[in-house]
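Here's a quick briefing to read alongside the model. Keep the viewer open and follow along.

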Amino acid sequence: MFDALSLPILIALFALGAAVVVACGAMLTSRADRLADATGLGEAVVGGLMLGAATSLPGIVATVTAALDGLPSLALSNAVGGIAVQTLFLVVADLAYRRANLEHAAADAGNLISSGALILMLSCALAAGFAPAFTIFSVHPVSLLLFAIYFVAMRRAVQLADTPMWTPRATPHTRDDEPDEDAARQPILPLVASSLALGLVVAVAGWLLAKTGTGIAREAGLSQSLVGALMIAVVTSLPELVTTLAAVRRGALQLAVGGIIGGNAFDALFLSLGDIAYRDGSLYHAVGNDDRFVMATALAMTAALLLGLIMRDRKGIGLEGGAIAGLYAMMVFVQLNR
């Protein structure tokens, strides 16, 4: 259907999908903040589990669609490119929150767990491409391992919220996650139902972005890796930018940081889903060095973020913010000059 459309129409549909993603992302933030209070799980956990997963739906659809269409490079570069740009979004949010360093103010042990899990997942996925191309029903065993790592890490994060074994040192800049009493009394089911409905709309928009983005790449003669990492990944990650900035404006700092970090950990599962959808063998072996370079960059950016969460600079974007921005700029430069 999209093959017959002209470039201007493809661009218009792409812009429409992006607009839907942005609008629904802002509404999802409000519901996630209220769910954090109503369930008592806290902003960091709800941000990582619910908000991170909901805003990741466009990326999931885009990755799976590309894999089903036999475009492994587009599928993988969209997944890891999304992780990279969403990490950069934290630097943007840090600039928007001028009172203190955002990672300092929103210190939470759950974010440390999510960051560590993401580093482990990306490391396994990167190593898979150099391991034997063994598959079970065209699925590489590492794809199953990524699911296991994610669910164990998220279970630990929930347990840590109930019985914390580590707490960050409180400073004048620390913003505690204090539930709103009115929100805590709200019924949970309507909040969940409306969030699911918004998530469905976002998923459809993600499918539209994947299809039109592929068409734009074909018409413009661009590489799959470039389009996946720098075009579709950025647009399908717009919900994370919108929800993060909206959360900062609401003062829900743990929700803002947890939504990005937890969402990135969830996004690593795109690699598993893409591998399952790709029917010509292992996704990790079907891609080239350009895609592995994007994955290595996302891994380095996450490591810099984890160091920032531990060091907790008090002012500005911190050393980790500069490192994250520099690494992303390097990736863009290399991709554009291939």
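Predicted model: local features only at pLDDT ≥ 70, side-chain atom pairs only at ≥ 80, totals over all residues.

Residues are numbered from 1 along each chain as its sequence is written, and side-chain values use heavy atoms, with hydrogens and water left out.

**Overall picture**

- Of the 338 residues in the protein chain, 57% are buried, where buried means under 20% relative accessible area, exposed over 50%, and partly exposed in between (1.4 Å probe, protein chains only).
- Take the contacts (heavy atoms within 4.5 Å) between residues at least 6 apart in sequence: 85% of them join residues at least 24 apart.

**The loop between α6 and α7**

- This loop sits between α6 (109–128) and α7 (141–162), and F134 is found in it.
- F134, I136 and F137 make a nonpolar surface patch of about 380 Å².
- Patches are made of residues with over 30% relative accessible area and no salt bridge, with like charges joined within 9 Å and nonpolar side chains (Val, Leu, Ile, Met, Phe, Trp, Tyr) within 5 Å; a salt bridge is a side-chain nitrogen of Lys or Arg within 4 Å of a carboxyl oxygen of Asp or Glu.
- F137 also belongs to the loop between α6 and α7, and it counts as exposed because its relative accessibility is 74%.
- The backbone is worth a look here: F137 isn't a glycine, yet it has a positive phi of about 55°.
- S138, in the loop between α6 and α7 as well, has a positive phi of about 65° and isn't a glycine either.
- For context, most residues other than glycine have a negative phi.

- P141 is found in helix α7 and counts as partly exposed, because its relative accessibility is 32%.
- The C-alpha atoms of P141 and S282 are 9.4 Å apart, though 141 residues separate the two along the chain.
- S143 lies in helix α7 too, and it counts as buried because its relative accessibility is 0%.
- Leaving aside neighbours within four places in sequence, S143 is in contact with L271, S272, D275 and Y284.
- S143 and I276 are 133 residues apart along the chain, with 8.0 Å between their C-alpha atoms.
- Helix α13 (residues 269–277) is largely enclosed by the rest of the structure, because seven of its nine residues are buried.
- Those buried residues of α13 are L269, F270, L271, S272, G274, D275 and A277.

**Other links across the sequence**

- S114 lies in helix α6 and is buried because its relative accessibility is 6%.
- Beyond its neighbours within four places in sequence, S114 is in contact with M154, I261, G262 and A265.
- L309, in helix α15 (residues 289–311), is buried because its relative accessible area is 6%.
- The C-alpha atoms of L309 and L112 are 7.0 Å apart, with the two residues 197 apart along the chain.
- R31 is found in helix α1 (residues 7–39), and its C-alpha is 8.0 Å from that of S194, which is 163 residues away in sequence.
- Setting aside neighbours within four places in sequence, R31 is in contact with L191, S194, S195 and L198.

**Cavities**

- There are four cavities of 30 Å³ or more.
- On a 1 Å grid over the protein atoms alone, a cavity is a set of points where a 1.4 Å probe fits but cannot get out, and lining residues have an atom within 4 Å of a point.
- The second largest cavity has a volume of about 60 Å³, where volume is the space filled by probe spheres set on the points, and grid points are joined across faces, edges and corners.
- It has 14 lining residues, and the closest to its centre are G59, Q86, S237, D267 and F270.
- α4 (72–96) and α10 (224–236) each supply at least two residues of the lining of the second largest cavity, and α4 gives the most, with five residues.

Terms used:
Areas by Shrake-Rupley, 256 points an atom, 1.4 Å probe, with all protein chains shown as cover. Helix = DSSP H or I, 4+ residues; strand = E, 2+ residues; numbered from the N terminus. 1 Å grid on protein atoms, 1.4 Å probe; cavity = no way out; pocket = protein on both sides within 12 Å on 5 of 7 lines; lining within 4 Å.
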